[in-house]
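Let's take it one region at a time.

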Amino acid sequence: EDNEGLEEREAAATEEARAAWEGVVEKHAACGYGFWAYGAVLACGLLCLLAEWRDGDWVQQAMAGGSHEFWAHLFPEDCRAPGSNPLPPCPGLTCSLRLRAMYALLAGFFASEVFVLLQERARGRAKSDFPVMLAHHGVTLALLEASRRLGLQRLGLVVAVFHTNDAFMEAAKMARYSHRFLAAESWFAAFAASWVALRVVAYPLMVLRAAAKCIDSAYLYLKPGFPGVDAVTLPEVEMQWKAMYYGILTIIWTLYTMDVYWGYLIVRVVARALVRGRQGYGDVREDD
């Protein structure tokens with residue numbers, strides 16, 4: 001009987017160890033996918049952004065609050081002829097092949113992330129911020145589509161690229177699961193630094209500030225004398241512009257609100273690490 005009991009305990013211990021190992025492997029696989037997926041999209045997006053930046057000074061114009069020159073690319077000369085639509089997108093707008101390809105990549109990536117989240121939810125493995133993550137990806141897809149339709153692909157690219165720095169967090173989690181705590185700390189520090197640089201500092205400067213002032217600059221064009229705008233049609237055109245403006249503004253402020261929420265989670269991770277030491281580094285969204 002003692003031998004039988006010992007064998008049962010050994011079998012139970014072996015099964016428990018196997019289950020724990022499978023759990024670690026599964027977490028590594030999920031984080032590995034996230035690391036390479038987010039990392040590849042971030043790298044491609046930054047390269048595309050630098051290439052677009054090289055083609056013009058639109059970034060400085062956007063940071064200046066949406067200057068007259070910034071909006072000029074929305075109304076090229078062939079869109080100012082009689083009979084032209086006074087609202088974007090202008091049929092004469094040009095968009096580089098690399099930017100169209102990057103938009104397709106971003107749309108496919110965020111759409112796939114929605115399916116990943118739904119799959120995790122169906123398997124009972126969703127994290128505590130599942131609703132926020134799902135809303136984030138949905139809002140990002142809506143922003144990509146809206147910016148594509150309005151000819152604002154460059155600013156849409158900025159917003160999307162600034163929200164793909166999760167590769168550093170995925171690397172930190174893999175290092176922690178492997179008990180490489182120094183590497184985990186380094187990756188998490190890179191994640192926190194990129195979060196502050198991209199989502200807290202650059203995002204408001206390059207996107208929120210421009211969006212908050214852009215409607216006044218756009219009105220430099222939308223006045224009687226511009227093709228398709230006269231004293232009779234001006235109120236209707238202004239109403240349509242405001243609807244477009246506040247719609248885009250709502251989307252980008254929604255994303256920023258989510259960034260603040262996740263920033264709070266990052267602060268929780270840092271605080272827990274300071275209290276517990278290296279064992280405190282982890283994903284606070286996970287129940288385990």
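Arg 199 has another partner: its side chain meets that of Asp 259 in a salt bridge (3.2 Å, N to O). Here too the pair links distant parts of the chain, since Asp 259 is in helix H9 (residues 234-276) and Arg 199 in helix H8, 60 residues apart. Asp 259 and Arg 199 are both buried. Together, Asp 166, Arg 199 and Asp 259 are linked in a network of salt bridges.

## About the model

This is a predicted model, in which local features need pLDDT of at least 70 and side-chain atom pairs count only at pLDDT 80 or more, while totals for chains, interfaces and linings use all residues. Residues are numbered from 1 along each chain as its sequence is written, and side-chain values use heavy atoms, with hydrogens and water left out.

## The overall fold

The protein chain has 9 helices and 0 strands; helices (H or I, at least four residues) and strands (E, at least two) are DSSP runs, numbered from the N terminus. Of its 288 residues, 44% are buried. Among contacts (heavy atoms within 4.5 Å) between residues at least 6 apart in sequence, 76% join residues at least 24 apart.

The chain exposes about 15,300 Å², and carbon and sulfur atoms supply 63% of it. These areas come from the Shrake-Rupley method with a 1.4 Å probe; for residues, only the protein chains shown count as cover.

## Helix H7 and Glu 170

How many of the 11 residues of H7 are buried? The count is 9, so H7 is largely enclosed by the rest of the structure. Among the buried residues are Met 169, Lys 173 and Tyr 177. After H7 comes His 179, whose phi is positive, near 65°.

Glu 170 lies in this helix, which covers residues 167-177. Glu 170 counts as buried because its relative accessibility is 13%. Leaving aside neighbours within four places in sequence, its contacts are Ala 30, Cys 31, Gly 34 and Phe 35.

## Helix H4

Helix H4 (residues 97-122) has 26 residues, which at 1.5 Å a residue should span 38 Å; its end C-alpha atoms are 38 Å apart, so the two agree. The expected span is 1.5 Å times one less than the number of residues. Buried residues in H4 include Leu 99, Tyr 103, Phe 110 and Glu 113. Just after H4, Gly 124 takes a positive phi of about 75°.

## A salt bridge within H5

A search of the whole structure finds 4 salt bridges. One of them joins Glu 145 and Arg 148, with the closest N and O atoms 2.8 Å apart. These two residues are 3 apart in helix H5 (residues 130-150), so about one helical turn separates them. An α-helix has 3.6 residues a turn, so residues three or four places apart point the same way.

Glu 145 is partly exposed, with a relative accessible area of 31%, and Arg 148 is partly exposed at 41%.

Note on methods
Buried means under 20% relative accessible area, exposed over 50%, partly exposed in between (1.4 Å probe, protein chains only).
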